[in-house]
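Visitor: I have a model open here and would like to go through a few spots. Can we start with the pocket?

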Amino acid sequence: PEEFEVYRGVSVGRNPKGMSWSRDFETAAWFANRFNNAEETGYIQKGVARKENVLAYFGRENEVVIYPKDLDRITVVR
């Protein structure tokens with residue numbers, strides 16, 4: 001599709017403005033929660049990517065590489 005949703009799991013202490021996003025919510029949830037502890041938890045961002053802005057796609061991991069500035073409507077979903 002020309003536009004599609006992507007997700008980024010931001011774990012404790014990690015960069016929310018990274019370039020690796022996933023088309024799969026559950027994959028993003030794994031990345032968000034992998035370093036949770038009693039005081040802090042990760043979260044998941046959702047954005048809308050345009051096909052023309054995608055730098056790379058890795059099908060086995062369902063990973064989209066894109067500059068964060070090229071995403072639309074980034075929100076925290078969990």
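Guide: The largest share of the lining of the largest pocket, 4 residues, is supplied by β1. Bear in mind that this is a predicted model.

Visitor: Which elements each supply at least two residues of that lining?

Guide: β1 (3-10), β2 (20-22) and α1 (25-33) each do.

Visitor: And how many residues line the largest pocket, and which lie nearest its centre?

Guide: The lining has 15 residues. Nearest the centre are Arg 8, Gly 9, Ser 20, Trp 21 and Phe 31. The space in this pocket comes to about 240 Å³.

Visitor: Switching to charges. How many salt bridges are there?

Guide: The count is 5 salt bridges. Among them is the pair Arg 50 and Asp 72, with the closest N and O atoms 2.2 Å apart. Arg 50 lies in strand β3 and Asp 72 in strand β6, so this pair ties together parts that are 22 residues apart in sequence.

Visitor: What else does Arg 50 form a salt bridge with?

Guide: Glu 52, where the closest N and O atoms are 3.6 Å apart.

Visitor: Is Glu 52 buried or exposed?

Guide: Glu 52 is exposed, because its relative accessibility is 57% and the cut-off for exposed is over 50%. Arg 50 is partly exposed at 24%, and Asp 72 is partly exposed with a relative accessible area of 24%.

Visitor: What about Lys 69, what does its side chain meet?

Guide: The side chain of Lys 69 meets that of Asp 70 in a salt bridge, at 3.2 Å from N to O. Lys 69 is exposed, with a relative accessible area of 67%, whereas Asp 70 counts as buried at 16%.

Visitor: Why does Asp 70 count as buried?

Guide: Its relative accessibility is 16%, and buried means under 20%. Asp 70 is also touched by Asn 53, which touches Ile 66 as well, leaving out residues up to four places away in sequence.

Visitor: Where is Asn 53 found?

Guide: Asn 53 is in the loop between β3 (43-50) and β4. Asn 53 is buried too, with a relative accessible area of 16%.

Visitor: Last one: which residues form a nonpolar patch on the surface?

Guide: Met 19, Leu 55 and Tyr 67 do, with about 270 Å² of accessible area together. Tyr 67 lies in the loop between β5 and β6 and counts as partly exposed at 39% relative accessibility.

Notes. Residues are numbered from 1 along each chain as its sequence is written. This is a predicted model: local features need pLDDT of at least 70, side-chain atom pairs count only at pLDDT 80 or more; totals for chains, interfaces and linings use all residues. Side-chain values use heavy atoms; hydrogens and water are left out. Buried means under 20% relative accessible area, exposed over 50%, partly exposed in between (1.4 Å probe, protein chains only). Contact means heavy atoms within 4.5 Å. Patches are made of residues with over 30% relative accessible area and no salt bridge: like charges are joined within 9 Å, nonpolar side chains (Val, Leu, Ile, Met, Phe, Trp, Tyr) within 5 Å. Accessible areas come from the Shrake-Rupley method with a 1.4 Å probe; for residues, only the protein chains shown count as cover. A salt bridge is a side-chain nitrogen of Lys or Arg within 4 Å of a carboxyl oxygen of Asp or Glu. On a 1 Å grid over the protein atoms alone, a cavity is a set of points where a 1.4 Å probe fits but cannot get out, and a pocket is an open set with protein on both sides within 12 Å along at least five of seven lines; lining residues have an atom within 4 Å of a point. Grid points are joined across faces, edges and corners, and a volume is the space filled by probe spheres set on the points.
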